[in-house]
Amino acid sequence: MLEDILGETKDNMEKVLESLKKNLTTIRTGRANPSMLDNVRVDYYDTPTPLNQIATVTVPDARLLVIKPFEKRVLKDIERAIVEANLGFNPTNDGELIRCAMPPLSGERRKEYVKLAKTKGEDSKVAIRGARRDANEMVKQACAESAITEDDEKRGLKSIQDLTDQHIKKIDEQIEKKEKEIMEV
């Protein structure tokens, strides 16, 4: 019983970490990264479609993204979707493919991105604490129903807190790493 609760809690916390990692890749740094376009949806046959499903995105150098659509007729739609996504760069369409040059980040813009990363980190910490609260309630409920002993309850609550501390530390490490990446000139 206790192992099931701990296993489920660990899984939930790992999902929060994965979600944070994915969210952090969408925050711009000074370098081009195809994952920056992950949230771009293109109107393709009247359906919002992820960009990576209708085009290939490559990074020929550190400050350039090149988007080559599978069908040339969607070039304008892709260009419009990138502009509307407000990612901080302007696409140029040459009739074959779209190039997005990464302008260097200003100091002020870098600070905004660091602040955004920290906000995402705080949101993840809140989710981790929510998972801890739910697990603690399940352990206390199991003890109240005599499914586990009081000793198991104490051990379970300590294990849940240890899991929480580990995952909060991992979130802090992720945010610190992203902050260094953003502030790198």
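**Exercise 1.** How many aromatic pairs does the structure hold?

*Solution.* This is a predicted model, in which local features need pLDDT of at least 70, side-chain atom pairs count only at pLDDT 80 or more, and totals for chains, interfaces and linings use all residues. Residues are numbered from 1 along each chain as its sequence is written, and side-chain values use heavy atoms, with hydrogens and water left out. Rings of Phe, Tyr and Trp (its six-membered ring) pair if their centres lie within 6.5 Å. The structure holds 1 aromatic pair. Its rings belong to Y44 and Y45, with centres 4.7 Å apart and planes at 70 degrees. Planes under 30 degrees apart count as stacked, over 60 as edge-to-face and the rest as tilted, so the pair of Y44 and Y45 is edge-to-face.

**Exercise 2.** Classify Y45 and S124 as buried or exposed.

*Solution.* Buried means under 20% relative accessible area, exposed over 50%, and partly exposed in between (1.4 Å probe, protein chains only). Y45 has a relative accessible area of 55%, so Y45 is exposed. S124 has 8% relative accessibility and therefore counts as buried.

**Exercise 3.** Check the span of helix α1 against its number of residues.

*Solution.* Helices are DSSP runs (H or I, at least four residues), numbered from the N terminus. The expected span is 1.5 Å times one less than the number of residues.

**Exercise 4.** Find what the buried residues of α1 pack against, and the direction of α1 relative to α3.

*Solution.* The buried residues of α1 are L2, I5, T9, M13, V16, L17, L20 and L24. They pack against α3 (107-144) and α4 (150-183), where contact means heavy atoms within 4.5 Å. Axes are lines fitted to C-alpha atoms, for helices over the stretch in contact, and angles run from 0 to 180 degrees between N-to-C directions. The axes of α1 and α3 are 10 Å apart, at an angle of about 170 degrees. Angles under 35 degrees count as roughly parallel, over 145 as roughly antiparallel, 65 to 115 as roughly perpendicular and the rest as oblique. Therefore α1 is roughly antiparallel to α3.

**Exercise 5.** Which residues does S124 contact, leaving aside its neighbours within four places in sequence?

*Solution.* S124 lies in helix α3. With those neighbours left aside, S124 is in contact with V16, L20 and I171. V16 and L20 are among the buried residues of α1.

Technical notes: Helices (H or I, at least four residues) and strands (E, at least two) are DSSP runs, numbered from the N terminus.
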